[in-house]
Amino acid sequence: MCELWDLYDIHRDPTGETWERGSREPIPQGLYHVIVSIWTVTPDGRVLITKRHDKKSFGGLWENTGGAVVAGETSVQAAFRELLEETGLSPSRKEMLLLGEVWHPGSIIDAYMYVKDVKLDELKLQKDEVVDARLMLPSDIDEIHRRGDMVPSVYKTFCCYRDNMKEVLGLDSF
């Protein structure tokens, strides 16, 4: 079964059109689909990152939890679904904080933050998507990016919201 995405215009209004994931042609200029990016962060400032399965695009690289919003789904519904599917984590609605959005050609990334004292051995990783998980300090994430071991768009989103996450956590440094 194919995965369909709702398309939006420059004002983020739905166009009524859908796009099939994996289409040979790019999404037409001026149209966008929505992606969610969930940053799970411990109260002491460690960030949950996961390693992509080798068979996926950007295989073997580190990222945060995320994925496409499917047709008929809201951004926040997708954030909960992706977090549960990829990690087994299931926050309450009040535990999921919308940080903002980052625009790329053809996509809008809604960034969320979930503060949780995560235990790696309690995660239920989605075997065909995620092969490893770590809790890393922001400085470690910077180093992973410098080595070329992180999905570039994920690091861009991290940099956009790093100060916001620091403020939410009430930490002096992050």
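Start with R162 and D142: both are buried. This is a predicted model. R162 and D142 form a salt bridge, with the closest N and O atoms 2.9 Å apart. R162 lies in helix α3 and D142 in helix α2, so the pair ties together parts that are 20 residues apart in sequence.

**Stop 1: around D142**

Stay on D142. Helix α2 covers residues 138-146 and holds D142. The relative accessibility of D142 is 13%. Buried means under 20% relative accessible area, so D142 falls in that class. Now select what D142 touches. Leaving aside neighbours within four places in sequence, D142 is in contact with Y155, F158 and R162.

**Stop 2: R147 and D149**

Select R147 and D149. Their side chains meet in a salt bridge, 3.1 Å from N to O. Are these residues buried or partly exposed? R147 is partly exposed, with a relative accessible area of 48%. D149 also counts as partly exposed, at 28%. Salt bridges elsewhere share partners: they join E73, R81, E82 and E85 into one network. In total, the structure holds 14 salt bridges.

**Stop 3: helix α1**

Select residues 75-87. This is helix α1, with 13 residues. At 1.5 Å a residue, α1 should span 18 Å, and its end C-alpha atoms are 18 Å apart, which agrees.

Which residues of α1 are buried? Colour S75, A78, A79, E82, L83, E86 and T87: these are the ones. Look down the axis of α1. The buried residues fall within an arc of 130 degrees, so they line one face of the helix.

What do the buried residues of α1 pack against? Show strands β3 (33-41), β4 (47-52) and β6 (65-68), then β7 (96-104), β8 (107-115) and β9 (130-136).

Next, pick out R81 and E85 on α1. The two form a salt bridge, the closest N and O atoms being 3.4 Å apart. E85 and R81 are four residues apart in helix α1, so about one helical turn separates them. E85 is partly exposed at 35% relative accessible area. R81 is partly exposed at 21%.

Step just past α1 to G88. Its phi is positive, about 85 degrees.

**Stop 4: V34 in β3**

Select V34. This residue sits in strand β3. At 3% relative accessibility, V34 counts as buried. Not counting residues up to four places away in sequence, V34 touches Y8, R12, A68, V69, S75, I108 and D110. S75 is also among the buried residues of α1.

V34 and G106 are 72 residues apart along the chain, yet their C-alpha atoms are separated by 8.8 Å.

**Stop 5: T50 in β4**

Move to T50, in strand β4. Its relative accessible area is 1%, and T50 is buried. Which residues is T50 in contact with, leaving aside neighbours within four places in sequence? Select L61, W62, E63 and N64, then V130, D132 and A133.

**Stop 6**

Most residues other than glycine have a negative phi. Two exceptions are worth a click.

Go to R12 first. The loop between β1 (4-8) and β2 (14-20) holds R12. Phi of R12 is near 70 degrees, a positive value in a residue other than glycine. R12 counts as partly exposed, at 25% relative accessibility. R12 is one of the contacts of V34.

Then go to F58. This residue is in the loop between β4 and β5 (62-63). Phi of F58 is near 60 degrees, again a positive value in a residue other than glycine. F58 counts as partly exposed, at 45% relative accessibility.

**Stop 6: a surface patch**

V168 is in helix α3 (residues 152-169). At 42% relative accessibility, V168 counts as partly exposed. Helix α3 also holds R162, where the tour began.

How values were computed:
Residues are numbered from 1 along each chain as its sequence is written. This is a predicted model: local features need pLDDT of at least 70, side-chain atom pairs count only at pLDDT 80 or more; totals for chains, interfaces and linings use all residues. Side-chain values use heavy atoms; hydrogens and water are left out. Helices (H or I, at least four residues) and strands (E, at least two) are DSSP runs, numbered from the N terminus. The expected span of a helix is 1.5 Å times one less than its number of residues. Buried means under 20% relative accessible area, exposed over 50%, partly exposed in between (1.4 Å probe, protein chains only). The arc is that of the directions from the helix axis to the C-beta atoms. Contact means heavy atoms within 4.5 Å. A salt bridge is a side-chain nitrogen of Lys or Arg within 4 Å of a carboxyl oxygen of Asp or Glu.
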